[in-house]
Amino acid sequence: MLAKRIIPCLDCDLSVPNGRVVKGTKFKQIRYAGVPWELAKQYYEQGADEICFLDITASADKRETMARVVEETCREVFVPVTVGGGIKSVEDANKVFKVGADKVSINTAAIKQPKLVSELSRRFGSQAVVVAIDARRKGSFWECSIYGGRKFTGIDALQWAKKAESLGAGEILLTSMDKDGTKEGFDLELTRAVSEAVNIPVIASGGAGSLESIAAALSAGKADAALAASIFHFGEYTPNEVKEFLAKKQIKVRL
Amino acid sequence: MRSVENALLKLGEKPLVTGSPEKVLEAEKVVFPGVGNFGQAAETLRKSGLDKAVKSFIAEGKPFLGICLGMQLLFEKSEESKESKGLGVLQGAVQKFPATVKVPQIGWNQLELRDGKRLFKGVADKSFAYFVHSYYAAPGDESVVAAETEYGLRYCSALQRGNVFACQFHPEKSGEIGLKILKNFVEMRD
């Protein structure tokens with residue numbers, strides 16, 4: 001049986017040499033957590049099922065720094081590595097694949113030019129294309145945002161998830177903006193709605209505050225994986241500790 | 001590709017990444033990773049002459065490890081590209097997962113190991129490995145199965161026939177267990 005995955009997410013500020021991992025709440029208020037590849041290796045050794053880097057600076061001139069981060073990481077980390085943030089073209093994606101990344105995660109570029117999803121999928125395979133959706137509740141639906149939560153699009157997250165699948169996305173990385181970084185728990189309703197709407201894996205993100213909330217996202221929320229940052233960065237739990245808890249709840253994990 | 005190279009470097013090997021049939025024939029051992037589409041990959045192999053090189057290499061009895069699509073290409077054909085021919089090193093066909101499960105399978109799943117398989121020396125039964133695939137190989141000859149995995153059905157997730165080894169999962173992305181499997185392969189002696 002396929003195990004549920006626990007994925008530490010490293011939000012990277014690449015404006016300093018080698019980059020640094022940061023963590024904000026509700027997309028604001030920044031705290032520093034360490035050197036990207038050192039943290040990645042630590043999480044790998046502590047049982048992370050995958051590693052995800054998000055470039056929160058996302059300006060073109062920082063691409064080389066991300067390439068370095070991925071390259072250093074992949075020498076020592078033997079689980080899948082995803083890179084997101086500011087990937088706008090097949091070339092941008094190719095650059096991180098060449099240094100060892102397994103998947104790219106795209107949000108703004110996918111919404112602005114959906115064709116990019118199909119191009120990436122055709123070129124690198126659907127397994128390499130993660131479409132990230134940042135959504136918040138708006139009345140009767142969830143609205144997608146772009147530019148790291150700075151602009152709202154009016155697009156319905158459920159509709160967009162289905163479209164992304166049909167374009168060739170291999171996974172959906174779903175972030176609840178109402179909950180992100182708040183540690184209040186995932187938005188279970190949103191997670192479940194998207195998981196039921198598509199036939200590709202859904203990674204729940206945003207609001208992994210307690211072990212219970214992660215278990216809920218994977219069971220009641222029907223997510224295939226959970227992505228979290230704060231609970232790992234500040235030493236509250238290791239990935240294995242999270243998984244031991246899930247195993248006790250009869251959730252299948254790799255231990 | 002890069003990941004397999006990184007894993008082999010980590011094990012202290014000096015892998016040569018090549019698309020040259022001559023280099024393949026000169027090698028002591030070959031790791032044959034692959035991602036993408038069955039038909040396109042088969043076509044690329046034929047155009048470059050790598051198909052013949054791989055078959056000759058295997059015929060010489062030297063250790064060969066196919067990974068993911070590199071496992072599937074060893075078979076005769078695939079539902080993914082019905083008009084294309086695989087290398088036909090092994091009997092059988094590559095089939096699509098049933099519609100009852102999410103496709104592609106992405107993530108960590110368990111290996112149910114057959115006894116006495118060299119690739120899995122020191123690896124515990126039911127160990128987890130990382131999989132990414134929409135199709136699986138169904139060998140015509142049951143005796144080649146080295147491990148099975150459950151995903152909508154039970155399928156062959158690793159095989160061995162003489163010096164030909166293959167895994168549907170990615171050992172280079174399967175943590176310490178994966179490195180152990182690759183180590184077993186690189187340390188193999190006749």
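Helices here are DSSP runs of H or I with at least four residues, and strands are E runs of at least two, numbered from the N terminus. With that in hand, A:Ser121 is found in helix H5 (residues 115-124) of chain A. This is a predicted model, in which local features need pLDDT of at least 70, side-chain atom pairs count only at pLDDT 80 or more, and totals for chains, interfaces and linings use all residues. Residues are numbered from 1 along each chain as its sequence is written, chains are lettered from A and ligands numbered from 1 in the order in which they are written, and side-chain values use heavy atoms, with hydrogens and water left out.

**Around A:Ser121**

- A:Ser121 is buried, with a relative accessible area of 13%; buried means under 20%, exposed over 50% and partly exposed in between, using a 1.4 Å probe and protein chains only.
- Leaving aside residues up to four places away in sequence, A:Ser121 touches A:Ser126, A:Val129, A:Leu167 and A:Gly168, where contact means heavy atoms within 4.5 Å.
- The A:Ser121 side chain also reaches the backbone oxygen of A:Gly168 at 3.0 Å.

**Where chains A and B meet**

- In all, 35 residues of chain A are in contact with 26 residues of chain B.
- The two chains bury about 2400 Å² between them, 53% of it on carbon and sulfur atoms; buried area is the accessible area (1.4 Å probe) that two parts lose on being put together, summed over both.
- On the chain A side, A:Leu2, A:Phe78 and A:Arg254 lose the most area to chain B, together 28% of what that side buries.
- Four salt bridges are found across the interface, each a side-chain nitrogen of Lys or Arg within 4 Å of a carboxyl oxygen of Asp or Glu.
- A:Asp102 forms a salt bridge with B:Lys173, with the closest N and O atoms 2.8 Å apart.
- Helix H2 (residues 63-76) of chain A gives the most to the side of chain A that touches chain B, with four residues.

**Helix H6 of chain B**

- The end C-alpha atoms of helix H6 (residues 175-186) of chain B are 17 Å apart, which agrees with the 16 Å that its 12 residues should span at 1.5 Å a residue, taken as 1.5 Å times one less than the number of residues.
- Among the buried residues of H6(B) are B:Leu179, B:Ile181, B:Leu182 and B:Phe185.
- Their cover includes helix H1 (36-45) of chain A.

**Backbone points in chain B**

- The peptide bond from B:Val103 to B:Pro104 is cis, with omega near 5°.
- B:Cys68, in strand S2 of chain B, has a positive phi near 60° and is buried at 6% relative accessible area.
- B:Lys126 also has a positive phi, near 70°, but is partly exposed at 44%.

Technical notes: Polar contact = N/O pair within 3.5 Å; in protein donor to acceptor, adjacent residues only side chain to side chain.
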